[in-house]
Amino acid sequence: MDNNWYKELVVYQIWCRSFKDGDGDGIGDLHGVLEKLDYIQSLGATAIWFSPIYPSPNADYGYDIADYKDINPEYGDLKLFRKILNEAHKRGMKVIMDLVVNHTSDEHQWFIEGKKSKDNPYHDYYFWRDGKGDNPPNNWLSTFEGGAWEYDENLDQYYLHVFSKKQPDLNMDNPKVREEVKDIMRFWLDMGVDGFREDVITFISKAEGLPNGFPLPIATGIEHYKKGPHVHEYLKEFRHDVIDKYDCFVVGESPMSNSQDCLEFTAGDDHELDMMIGFDHMEADCFMTDTIHMPFSLKKLKKAFTHWQDDLAGKAWNCLYIENHDHPRIVSRYGSEKYHDESAKMLATMCYMQSGTPFIYQGQEIGMTNITLDSIDQFKDVVTFNNERLFKKLGLSDQRYLKIANKTSRENARTPVQWDSSENAGFSTAEPWFNVNPNYTQINVASQEEDPNSVLNYYRKLIKFRQSHKVAIYGDYKEHLKNSSQLYVYERNLDGERLLVVSSFTDKSVKFTAPEGFDLSKGELVLTNYTISPTQGTSFVTRPYETRVYYFK
(Lines give C-alpha, C1' and ligand atoms only; values in the text may rest on other atoms or scores of the structure.)
Protein backbone atom coordinates (compact mmCIF):
# COMPACT_ATOMS: atom_id res chain seq x y z
CA MET A 1 0.00 0.00 0.00
CA ASP A 2 1.25 3.49 -0.84
CA ASN A 3 0.12 5.37 2.26
CA ASN A 4 2.17 8.53 1.72
CA TRP A 5 -1.04 10.55 2.12
CA TYR A 6 -0.23 10.75 5.84
CA LYS A 7 2.45 13.33 5.01
CA GLU A 8 -0.19 15.87 3.97
CA LEU A 9 -2.57 15.30 6.90
CA VAL A 10 -3.33 17.80 9.64
CA VAL A 11 -4.24 15.73 12.71
CA TYR A 12 -6.55 16.97 15.49
CA GLN A 13 -6.16 15.10 18.78
CA ILE A 14 -9.25 14.48 20.92
CA TRP A 15 -8.93 13.58 24.60
CA CYS A 16 -12.58 12.67 24.76
CA ARG A 17 -13.28 13.12 28.46
CA SER A 18 -12.63 16.86 28.25
CA PHE A 19 -13.66 17.63 24.67
CA LYS A 20 -17.45 18.13 24.70
CA ASP A 21 -20.23 16.62 26.81
CA GLY A 22 -23.19 15.76 24.58
CA ASP A 23 -25.41 13.88 27.05
CA GLY A 24 -25.26 16.19 30.06
CA ASP A 25 -23.44 14.06 32.63
CA GLY A 26 -20.37 16.28 32.99
CA ILE A 27 -18.08 13.94 31.03
CA GLY A 28 -17.02 14.54 27.44
CA ASP A 29 -18.28 11.89 25.04
CA LEU A 30 -18.72 10.81 21.43
CA HIS A 31 -22.06 12.65 21.21
CA GLY A 32 -20.03 15.83 21.75
CA VAL A 33 -17.49 14.79 19.12
CA LEU A 34 -20.26 14.17 16.58
CA GLU A 35 -21.65 17.62 17.33
CA LYS A 36 -18.27 19.25 16.69
CA LEU A 37 -17.10 17.43 13.53
CA ASP A 38 -17.88 20.45 11.35
CA TYR A 39 -15.87 22.65 13.72
CA ILE A 40 -12.86 20.31 13.48
CA GLN A 41 -13.17 20.29 9.70
CA SER A 42 -13.36 24.11 9.67
CA LEU A 43 -9.85 24.26 11.14
CA GLY A 44 -8.51 22.51 8.07
CA ALA A 45 -7.92 19.29 10.02
CA THR A 46 -7.96 16.20 7.81
CA ALA A 47 -7.63 13.55 10.52
CA ILE A 48 -8.75 12.89 14.08
CA TRP A 49 -6.68 10.99 16.63
CA PHE A 50 -8.71 9.63 19.52
CA SER A 51 -6.84 9.16 22.77
CA PRO A 52 -8.13 5.87 24.25
CA ILE A 53 -11.93 5.64 24.27
CA TYR A 54 -12.09 1.96 25.25
CA PRO A 55 -13.67 0.61 28.48
CA SER A 56 -11.32 1.48 31.34
CA PRO A 57 -11.35 1.88 35.13
CA ASN A 58 -9.52 5.18 34.48
CA ALA A 59 -6.53 4.65 36.75
CA ASP A 60 -4.67 6.44 33.94
CA TYR A 61 -7.71 7.92 32.19
CA GLY A 62 -8.10 5.40 29.40
CA TYR A 63 -4.50 4.29 29.03
CA ASP A 64 -5.42 1.34 31.26
CA ILE A 65 -7.61 -0.64 28.88
CA ALA A 66 -10.09 -3.27 30.09
CA ASP A 67 -11.46 -4.21 26.65
CA TYR A 68 -9.76 -3.41 23.34
CA LYS A 69 -12.82 -4.08 21.18
CA ASP A 70 -15.46 -1.84 22.69
CA ILE A 71 -16.18 1.79 23.62
CA ASN A 72 -16.22 3.14 27.17
CA PRO A 73 -19.94 3.45 28.11
CA GLU A 74 -19.15 6.92 29.54
CA TYR A 75 -18.38 8.00 25.96
CA GLY A 76 -20.93 6.03 23.95
CA ASP A 77 -20.93 2.68 22.15
CA LEU A 78 -19.67 1.04 18.97
CA LYS A 79 -22.76 2.11 17.03
CA LEU A 80 -22.09 5.76 17.84
CA PHE A 81 -18.38 5.35 17.06
CA ARG A 82 -19.21 3.86 13.66
CA LYS A 83 -21.45 6.85 12.97
CA ILE A 84 -18.60 9.24 13.79
CA LEU A 85 -16.25 7.21 11.61
CA ASN A 86 -18.67 7.42 8.68
CA GLU A 87 -19.36 11.13 9.20
CA ALA A 88 -15.63 11.90 9.44
CA HIS A 89 -14.96 9.98 6.23
CA LYS A 90 -17.79 11.87 4.49
CA ARG A 91 -15.93 15.07 5.40
CA GLY A 92 -12.68 13.74 3.99
CA MET A 93 -11.17 13.19 7.44
CA LYS A 94 -9.21 10.12 8.52
CA VAL A 95 -9.65 8.61 11.99
CA ILE A 96 -6.87 6.96 14.00
CA MET A 97 -7.13 5.14 17.31
CA ASP A 98 -4.74 5.02 20.24
CA LEU A 99 -3.23 1.53 20.45
CA VAL A 100 -1.96 0.83 23.97
CA VAL A 101 -0.31 -2.60 24.00
CA ASN A 102 2.65 -2.22 26.34
CA HIS A 103 0.18 -2.89 29.13
CA THR A 104 -3.49 -3.49 29.89
CA SER A 105 -5.67 -2.65 32.85
CA ASP A 106 -5.52 -5.07 35.76
CA GLU A 107 -9.27 -5.33 35.16
CA HIS A 108 -8.78 -6.75 31.65
CA GLN A 109 -10.09 -10.30 31.36
CA TRP A 110 -6.65 -11.61 30.39
CA PHE A 111 -5.17 -10.38 33.66
CA ILE A 112 -8.13 -11.53 35.74
CA GLU A 113 -7.76 -15.03 34.26
CA GLY A 114 -3.97 -15.04 34.58
CA LYS A 115 -4.21 -14.26 38.31
CA LYS A 116 -6.19 -17.42 38.98
CA SER A 117 -3.24 -19.80 38.85
CA LYS A 118 0.32 -20.15 37.62
CA ASP A 119 -0.75 -22.72 35.02
CA ASN A 120 -3.63 -20.65 33.64
CA PRO A 121 -3.03 -20.07 29.89
CA TYR A 122 -3.29 -16.29 30.43
CA HIS A 123 -0.69 -16.24 33.23
CA ASP A 124 2.12 -15.94 30.68
CA TYR A 125 0.38 -12.98 28.98
CA TYR A 126 2.12 -10.88 31.67
CA PHE A 127 5.46 -10.81 33.49
CA TRP A 128 4.90 -12.85 36.65
CA ARG A 129 8.02 -13.65 38.67
CA ASP A 130 8.94 -15.07 42.05
CA GLY A 131 10.50 -12.66 44.50
CA LYS A 132 14.09 -12.75 45.74
CA GLY A 133 13.57 -13.58 49.38
CA ASP A 134 11.38 -10.82 50.75
CA ASN A 135 12.24 -8.52 47.86
CA PRO A 136 10.79 -8.02 44.35
CA PRO A 137 12.40 -9.83 41.38
CA ASN A 138 14.59 -6.82 40.52
CA ASN A 139 15.14 -3.16 41.45
CA TRP A 140 13.07 -1.58 38.64
CA LEU A 141 10.99 1.47 39.48
CA SER A 142 7.71 2.41 37.90
CA THR A 143 7.55 5.75 36.06
CA PHE A 144 4.18 6.37 37.76
CA GLU A 145 4.29 5.02 41.31
CA GLY A 146 7.09 3.50 43.37
CA GLY A 147 8.42 0.05 42.56
CA ALA A 148 7.65 -1.64 39.26
CA TRP A 149 6.52 -4.89 40.90
CA GLU A 150 3.23 -5.59 42.68
CA TYR A 151 2.91 -8.60 44.98
CA ASP A 152 -0.02 -11.00 44.67
CA GLU A 153 -0.55 -12.93 47.90
CA ASN A 154 -2.69 -15.62 46.31
CA LEU A 155 0.00 -16.63 43.79
CA ASP A 156 2.97 -15.63 45.96
CA GLN A 157 4.37 -13.88 42.88
CA TYR A 158 4.96 -10.37 41.62
CA TYR A 159 3.77 -8.86 38.33
CA LEU A 160 5.62 -6.15 36.41
CA HIS A 161 4.14 -2.69 35.78
CA VAL A 162 6.46 0.01 34.46
CA PHE A 163 3.56 2.48 34.82
CA SER A 164 0.70 2.30 37.36
CA LYS A 165 0.19 -0.88 39.39
CA LYS A 166 -3.19 -1.04 37.65
CA GLN A 167 -1.33 -1.24 34.29
CA PRO A 168 0.42 -4.64 34.22
CA ASP A 169 2.89 -5.01 31.34
CA LEU A 170 2.05 -7.47 28.59
CA ASN A 171 4.62 -10.16 27.85
CA MET A 172 5.16 -9.54 24.14
CA ASP A 173 7.66 -12.42 24.04
CA ASN A 174 4.62 -14.71 24.18
CA PRO A 175 3.52 -15.29 20.54
CA LYS A 176 -0.11 -15.56 21.70
CA VAL A 177 0.06 -11.97 22.97
CA ARG A 178 1.36 -10.75 19.62
CA GLU A 179 -1.50 -12.57 17.87
CA GLU A 180 -3.94 -10.81 20.21
CA VAL A 181 -2.42 -7.44 19.23
CA LYS A 182 -2.78 -8.26 15.54
CA ASP A 183 -6.37 -9.31 16.12
CA ILE A 184 -7.11 -5.96 17.83
CA MET A 185 -5.54 -4.06 14.92
CA ARG A 186 -7.60 -5.97 12.37
CA PHE A 187 -10.80 -5.39 14.35
CA TRP A 188 -10.50 -1.61 14.05
CA LEU A 189 -8.97 -1.51 10.58
CA ASP A 190 -11.74 -3.76 9.24
CA MET A 191 -14.23 -1.31 10.73
CA GLY A 192 -12.64 1.45 8.63
CA VAL A 193 -10.21 3.12 11.05
CA ASP A 194 -7.25 4.63 9.17
CA GLY A 195 -4.38 3.84 11.52
CA PHE A 196 -2.99 3.96 15.03
CA ARG A 197 -1.00 6.13 17.37
CA GLU A 198 0.92 3.49 19.31
CA ASP A 199 1.49 4.36 22.97
CA VAL A 200 5.03 3.87 24.39
CA ILE A 201 5.48 1.32 21.64
CA THR A 202 9.26 1.18 21.97
CA PHE A 203 8.82 -0.24 25.52
CA ILE A 204 7.15 -3.50 24.45
CA SER A 205 10.29 -5.70 24.56
CA LYS A 206 12.04 -6.31 27.89
CA ALA A 207 15.60 -7.55 28.33
CA GLU A 208 15.81 -11.28 28.80
CA GLY A 209 16.17 -12.25 32.44
CA LEU A 210 14.87 -8.84 33.56
CA PRO A 211 18.23 -7.79 35.10
CA ASN A 212 18.62 -5.06 37.71
CA GLY A 213 18.78 -1.54 36.35
CA PHE A 214 21.03 1.44 36.94
CA PRO A 215 19.62 3.20 40.04
CA LEU A 216 17.78 6.37 39.06
CA PRO A 217 15.30 8.47 41.12
CA ILE A 218 12.57 7.37 38.70
CA ALA A 219 12.36 4.61 36.08
CA THR A 220 15.26 2.50 37.33
CA GLY A 221 15.62 -0.27 34.76
CA ILE A 222 14.42 1.76 31.77
CA GLU A 223 17.63 0.95 29.88
CA HIS A 224 16.36 -2.65 29.77
CA TYR A 225 13.10 -1.86 28.01
CA LYS A 226 13.12 1.56 26.34
CA LYS A 227 14.40 -0.11 23.16
CA GLY A 228 14.42 -3.78 24.10
CA PRO A 229 16.10 -6.67 22.27
CA HIS A 230 13.09 -7.75 20.17
CA VAL A 231 11.28 -4.46 19.61
CA HIS A 232 12.18 -4.21 15.91
CA GLU A 233 11.33 -7.85 15.32
CA TYR A 234 7.88 -7.49 16.89
CA LEU A 235 7.05 -4.21 15.13
CA LYS A 236 8.12 -5.70 11.79
CA GLU A 237 5.81 -8.63 12.51
CA PHE A 238 2.88 -6.28 13.15
CA ARG A 239 3.73 -4.36 10.01
CA HIS A 240 4.10 -7.38 7.76
CA ASP A 241 1.12 -9.34 9.08
CA VAL A 242 -1.36 -6.47 9.47
CA ILE A 243 -0.41 -2.87 8.69
CA ASP A 244 0.89 -3.50 5.17
CA LYS A 245 -2.39 -5.20 4.27
CA TYR A 246 -4.39 -1.99 4.85
CA ASP A 247 -4.36 1.58 3.53
CA CYS A 248 -3.41 3.05 6.91
CA PHE A 249 -0.55 4.63 8.83
CA VAL A 250 1.04 4.20 12.26
CA VAL A 251 2.76 6.76 14.44
CA GLY A 252 4.66 5.50 17.46
CA GLU A 253 5.25 7.28 20.74
CA SER A 254 8.81 6.84 21.95
CA PRO A 255 9.85 8.47 25.23
CA MET A 256 13.54 9.19 25.80
CA SER A 257 14.38 8.68 22.12
CA ASN A 258 16.33 10.98 19.83
CA SER A 259 16.30 11.56 16.08
CA GLN A 260 18.78 8.73 15.45
CA ASP A 261 16.52 6.33 17.35
CA CYS A 262 13.64 7.54 15.19
CA LEU A 263 15.50 6.61 12.01
CA GLU A 264 15.84 3.03 13.24
CA PHE A 265 12.05 2.71 13.31
CA THR A 266 10.88 4.96 10.47
CA ALA A 267 13.54 5.01 7.71
CA GLY A 268 13.90 2.67 4.75
CA ASP A 269 11.48 0.61 2.67
CA ASP A 270 10.96 -1.89 5.49
CA HIS A 271 10.28 0.77 8.13
CA GLU A 272 8.18 -0.34 11.09
CA LEU A 273 6.50 3.00 11.85
CA ASP A 274 5.53 5.86 9.55
CA MET A 275 6.31 8.55 12.13
CA MET A 276 7.58 8.80 15.67
CA ILE A 277 6.47 11.10 18.47
CA GLY A 278 9.67 12.25 20.16
CA PHE A 279 10.07 14.44 23.24
CA ASP A 280 13.35 16.30 22.66
CA HIS A 281 11.70 19.62 21.82
CA MET A 282 9.46 19.35 24.91
CA GLU A 283 12.51 19.44 27.17
CA ALA A 284 13.50 23.08 26.55
CA ASP A 285 12.23 24.05 30.03
CA CYS A 286 12.84 20.86 31.98
CA PHE A 287 15.19 17.94 32.58
CA MET A 288 14.00 14.51 31.34
CA THR A 289 10.47 15.08 32.58
CA ASP A 290 8.14 18.10 32.68
CA THR A 291 8.13 17.94 36.50
CA ILE A 292 11.84 18.82 36.85
CA HIS A 293 11.36 22.40 35.72
CA MET A 294 14.20 24.61 34.49
CA PRO A 295 14.39 28.04 32.83
CA PHE A 296 13.26 27.95 29.20
CA SER A 297 16.11 27.78 26.69
CA LEU A 298 15.36 28.75 23.08
CA LYS A 299 18.74 27.39 22.02
CA LYS A 300 17.80 24.00 23.44
CA LEU A 301 14.45 24.11 21.64
CA LYS A 302 16.01 25.07 18.30
CA LYS A 303 18.71 22.43 18.62
CA ALA A 304 16.08 19.74 19.17
CA PHE A 305 13.89 20.77 16.24
CA THR A 306 16.87 21.21 13.92
CA HIS A 307 18.31 17.79 14.79
CA TRP A 308 15.03 16.12 13.84
CA GLN A 309 14.57 18.22 10.70
CA ASP A 310 18.13 17.64 9.48
CA ASP A 311 18.50 13.99 10.47
CA LEU A 312 15.17 12.86 9.01
CA ALA A 313 15.44 14.89 5.79
CA GLY A 314 14.99 12.60 2.80
CA LYS A 315 14.99 9.49 5.03
CA ALA A 316 11.92 9.65 7.26
CA TRP A 317 9.03 11.93 8.21
CA ASN A 318 8.53 14.25 11.19
CA CYS A 319 5.58 14.39 13.55
CA LEU A 320 5.07 18.07 14.47
CA TYR A 321 3.47 18.81 17.83
CA ILE A 322 3.83 21.22 20.72
CA GLU A 323 0.83 20.11 22.80
CA ASN A 324 -0.89 16.89 23.74
CA HIS A 325 -2.59 15.26 26.73
CA ASP A 326 0.74 14.60 28.47
CA HIS A 327 2.18 18.14 28.65
CA PRO A 328 1.20 21.49 30.19
CA ARG A 329 -0.21 24.08 27.78
CA ILE A 330 2.40 25.54 25.44
CA VAL A 331 1.46 29.24 25.81
CA SER A 332 2.10 28.90 29.55
CA ARG A 333 5.37 27.05 28.93
CA TYR A 334 7.19 28.51 25.94
CA GLY A 335 5.03 31.57 25.29
CA SER A 336 3.55 34.32 27.45
CA GLU A 337 0.14 34.59 29.09
CA LYS A 338 0.67 38.38 29.11
CA TYR A 339 1.15 38.34 25.32
CA HIS A 340 -1.33 35.53 24.93
CA ASP A 341 -2.53 35.92 21.34
CA GLU A 342 0.85 36.96 19.98
CA SER A 343 2.74 34.04 21.54
CA ALA A 344 0.04 31.47 20.70
CA LYS A 345 0.23 32.47 17.02
CA MET A 346 4.01 32.59 17.05
CA LEU A 347 4.34 29.10 18.55
CA ALA A 348 1.97 27.63 15.96
CA THR A 349 3.92 29.27 13.13
CA MET A 350 7.29 28.23 14.50
CA CYS A 351 6.21 24.58 14.70
CA TYR A 352 3.87 24.04 11.77
CA MET A 353 5.95 25.76 9.11
CA GLN A 354 8.49 22.96 9.52
CA SER A 355 8.55 19.74 7.53
CA GLY A 356 6.29 17.02 8.91
CA THR A 357 2.68 16.20 9.75
CA PRO A 358 1.04 18.69 12.17
CA PHE A 359 -0.71 17.32 15.26
CA ILE A 360 -2.95 19.87 17.02
CA TYR A 361 -4.35 19.15 20.48
CA GLN A 362 -7.88 20.15 21.46
CA GLY A 363 -8.00 23.73 22.79
CA GLN A 364 -4.54 24.53 21.46
CA GLU A 365 -6.16 26.28 18.50
CA ILE A 366 -7.66 28.91 20.85
CA GLY A 367 -4.56 29.18 23.03
CA MET A 368 -5.87 27.48 26.17
CA THR A 369 -3.54 27.97 29.12
CA ASN A 370 -2.54 26.23 32.33
CA ILE A 371 -4.96 26.22 35.27
CA THR A 372 -4.09 27.12 38.86
CA LEU A 373 -5.69 24.82 41.44
CA ASP A 374 -5.94 25.63 45.14
CA SER A 375 -4.97 22.26 46.59
CA ILE A 376 -3.50 18.91 45.58
CA ASP A 377 -6.88 17.33 46.40
CA GLN A 378 -8.30 18.97 43.27
CA PHE A 379 -5.94 17.05 40.98
CA LYS A 380 -6.93 13.70 39.46
CA ASP A 381 -3.82 12.24 37.85
CA VAL A 382 -1.82 9.29 39.22
CA VAL A 383 1.39 11.00 38.05
CA THR A 384 0.66 14.14 40.09
CA PHE A 385 0.25 12.07 43.26
CA ASN A 386 3.35 9.99 42.58
CA ASN A 387 5.38 13.16 42.11
CA GLU A 388 3.94 14.50 45.35
CA ARG A 389 5.36 11.47 47.21
CA LEU A 390 8.76 11.93 45.55
CA PHE A 391 8.98 15.64 46.31
CA LYS A 392 7.87 15.13 49.93
CA LYS A 393 10.74 12.66 50.35
CA LEU A 394 13.01 15.51 49.24
CA GLY A 395 11.57 17.68 52.00
CA LEU A 396 9.33 20.00 49.97
CA SER A 397 6.32 21.51 51.71
CA ASP A 398 2.76 21.02 50.46
CA GLN A 399 2.61 24.60 49.22
CA ARG A 400 5.92 24.33 47.38
CA TYR A 401 4.82 21.15 45.62
CA LEU A 402 1.43 22.70 44.77
CA LYS A 403 3.29 25.44 42.87
CA ILE A 404 5.29 22.82 40.98
CA ALA A 405 2.16 20.79 40.15
CA ASN A 406 0.29 23.85 38.89
CA LYS A 407 3.16 24.67 36.56
CA THR A 408 4.13 21.19 35.36
CA SER A 409 1.19 18.79 35.72
CA ARG A 410 -0.14 17.19 32.55
CA GLU A 411 -3.60 17.88 33.96
CA ASN A 412 -3.16 21.43 32.67
CA ALA A 413 -3.98 19.96 29.24
CA ARG A 414 -7.02 18.08 30.55
CA THR A 415 -9.30 20.89 31.63
CA PRO A 416 -12.56 20.98 29.62
CA VAL A 417 -12.40 22.67 26.23
CA GLN A 418 -13.65 26.26 26.44
CA TRP A 419 -16.45 26.51 23.87
CA ASP A 420 -18.13 29.74 24.97
CA SER A 421 -18.56 32.12 27.92
CA SER A 422 -21.68 30.44 29.35
CA GLU A 423 -21.61 28.39 32.54
CA ASN A 424 -19.07 25.54 32.47
CA ALA A 425 -17.52 27.09 29.34
CA GLY A 426 -20.24 25.53 27.19
CA PHE A 427 -18.58 22.15 27.79
CA SER A 428 -21.52 20.65 29.71
CA THR A 429 -24.91 21.49 31.19
CA ALA A 430 -23.84 19.56 34.32
CA GLU A 431 -20.92 20.10 36.67
CA PRO A 432 -17.83 19.01 34.69
CA TRP A 433 -15.77 16.04 35.85
CA PHE A 434 -12.73 18.35 36.24
CA ASN A 435 -12.20 22.04 36.88
CA VAL A 436 -12.86 24.52 34.09
CA ASN A 437 -10.16 27.17 33.70
CA PRO A 438 -11.65 30.46 35.02
CA ASN A 439 -10.29 32.33 31.99
CA TYR A 440 -12.92 30.67 29.77
CA THR A 441 -14.87 33.94 29.67
CA GLN A 442 -11.95 35.53 27.79
CA ILE A 443 -10.54 32.50 25.95
CA ASN A 444 -13.21 30.48 24.16
CA VAL A 445 -14.18 29.27 20.70
CA ALA A 446 -17.34 31.38 20.31
CA SER A 447 -15.63 34.72 20.94
CA GLN A 448 -12.74 33.80 18.63
CA GLU A 449 -15.09 32.74 15.82
CA GLU A 450 -16.29 36.36 15.71
CA ASP A 451 -12.82 37.91 15.72
CA PRO A 452 -10.94 37.75 12.40
CA ASN A 453 -7.66 38.36 14.26
CA SER A 454 -8.19 35.62 16.87
CA VAL A 455 -5.82 32.75 17.57
CA LEU A 456 -8.44 30.37 16.16
CA ASN A 457 -8.71 32.17 12.85
CA TYR A 458 -4.92 32.45 12.67
CA TYR A 459 -4.68 28.66 12.98
CA ARG A 460 -7.14 28.34 10.09
CA LYS A 461 -5.12 30.73 7.97
CA LEU A 462 -1.85 28.98 8.80
CA ILE A 463 -3.25 25.52 7.99
CA LYS A 464 -4.80 26.76 4.76
CA PHE A 465 -1.49 28.25 3.63
CA ARG A 466 0.37 25.09 4.53
CA GLN A 467 -2.09 22.84 2.71
CA SER A 468 -1.97 24.96 -0.45
CA HIS A 469 1.83 25.34 -0.67
CA LYS A 470 3.97 22.23 -1.13
CA VAL A 471 7.07 24.12 -0.03
CA ALA A 472 5.57 24.28 3.49
CA ILE A 473 5.11 20.51 3.50
CA TYR A 474 8.00 19.12 1.49
CA GLY A 475 10.57 21.93 1.31
CA ASP A 476 14.01 21.45 2.78
CA TYR A 477 14.91 23.14 6.07
CA LYS A 478 17.84 25.37 6.97
CA GLU A 479 18.24 27.13 10.30
CA HIS A 480 19.76 30.62 10.64
CA LEU A 481 20.98 32.61 13.68
CA LYS A 482 21.62 29.42 15.63
CA ASN A 483 23.29 31.28 18.47
CA SER A 484 20.40 33.68 19.05
CA SER A 485 18.66 33.18 22.39
CA GLN A 486 15.73 35.36 21.25
CA LEU A 487 14.95 34.55 17.61
CA TYR A 488 14.21 31.28 15.82
CA VAL A 489 14.78 31.72 12.09
CA TYR A 490 14.71 29.11 9.34
CA GLU A 491 14.04 28.84 5.62
CA ARG A 492 12.25 26.25 3.49
CA ASN A 493 13.01 25.61 -0.21
CA LEU A 494 11.30 23.58 -2.93
CA ASP A 495 11.40 23.92 -6.72
CA GLY A 496 12.17 27.63 -6.76
CA GLU A 497 9.77 28.51 -3.94
CA ARG A 498 11.16 29.76 -0.63
CA LEU A 499 9.85 30.55 2.82
CA LEU A 500 11.60 32.58 5.48
CA VAL A 501 10.15 32.00 8.97
CA VAL A 502 11.05 34.43 11.76
CA SER A 503 9.80 33.91 15.32
CA SER A 504 10.62 35.98 18.41
CA PHE A 505 10.54 34.29 21.82
CA THR A 506 10.84 37.49 23.84
CA ASP A 507 8.85 40.57 24.78
CA LYS A 508 11.98 42.66 24.08
CA SER A 509 12.65 44.47 20.81
CA VAL A 510 15.20 42.62 18.69
CA LYS A 511 16.75 43.85 15.46
CA PHE A 512 16.45 41.17 12.80
CA THR A 513 18.55 41.22 9.64
CA ALA A 514 17.59 38.76 6.94
CA PRO A 515 20.11 36.08 5.91
CA GLU A 516 22.13 36.70 2.79
CA GLY A 517 20.07 36.25 -0.36
CA PHE A 518 16.77 37.40 1.15
CA ASP A 519 15.39 40.82 0.22
CA LEU A 520 12.31 41.17 2.38
CA SER A 521 10.81 43.83 0.15
CA LYS A 522 10.63 41.25 -2.63
CA GLY A 523 8.89 38.62 -0.50
CA GLU A 524 5.17 38.33 0.18
CA LEU A 525 4.35 38.54 3.89
CA VAL A 526 1.89 35.62 4.07
CA LEU A 527 1.59 35.15 7.84
CA THR A 528 2.14 37.51 10.75
CA ASN A 529 0.67 38.12 14.18
CA TYR A 530 0.85 41.93 13.91
CA THR A 531 -0.61 44.49 11.52
CA ILE A 532 2.45 45.82 9.72
CA SER A 533 3.49 47.81 6.69
CA PRO A 534 5.53 46.22 3.89
CA THR A 535 9.15 45.74 4.88
CA GLN A 536 11.81 47.64 3.00
CA GLY A 537 15.26 46.14 2.60
CA THR A 538 16.60 43.36 4.76
CA SER A 539 15.86 44.20 8.40
CA PHE A 540 13.21 45.12 10.96
CA VAL A 541 12.80 45.35 14.75
CA THR A 542 10.58 42.68 16.30
CA ARG A 543 7.71 43.33 18.66
CA PRO A 544 6.86 41.01 21.58
CA TYR A 545 6.56 37.41 20.36
CA GLU A 546 6.32 38.55 16.76
CA THR A 547 6.30 36.03 13.94
CA ARG A 548 6.52 36.55 10.18
CA VAL A 549 6.52 34.19 7.23
CA TYR A 550 7.81 35.57 3.92
CA TYR A 551 7.08 33.75 0.68
CA PHE A 552 9.41 34.10 -2.31
CA LYS A 553 8.85 32.74 -5.79
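Which residue forms a salt bridge with Lys-182? In this predicted model, local features need pLDDT of at least 70 and side-chain atom pairs count only at pLDDT 80 or more, while totals for chains, interfaces and linings use all residues. Residues are numbered from 1 along each chain as its sequence is written, and side-chain values use heavy atoms, with hydrogens and water left out.

The partner of Lys-182 is Asp-241, with the closest N and O atoms 2.7 Å apart. A salt bridge is a side-chain nitrogen of Lys or Arg within 4 Å of a carboxyl oxygen of Asp or Glu. Lys-182 lies in helix H5 and Asp-241 in helix H6, so the pair ties together parts that are 59 residues apart in sequence; helices are DSSP runs of H or I with at least four residues, strands are runs of E with at least two, and both are numbered from the N terminus. Lys-182 is buried, at 1% relative accessible area, whereas Asp-241 is partly exposed at 28%. Buried means under 20% relative accessible area, exposed over 50%, and partly exposed in between (1.4 Å probe, protein chains only).

By this rule the count comes to 39 salt bridges. Another joins Glu-479 and Lys-302 (4.0 Å, N to O). Glu-479 is in strand S14 (residues 476-480) and Lys-302 in helix H8, 177 residues apart. Glu-479 is buried at 10% relative accessible area, and Lys-302 is buried at 1%.

Helix H7 (residues 259-266) is mostly covered, with six of its eight residues buried. These buried residues pack against helix H6 (231-241), strand S9 (275-277) and helix H8 (298-312), where contact means heavy atoms within 4.5 Å.
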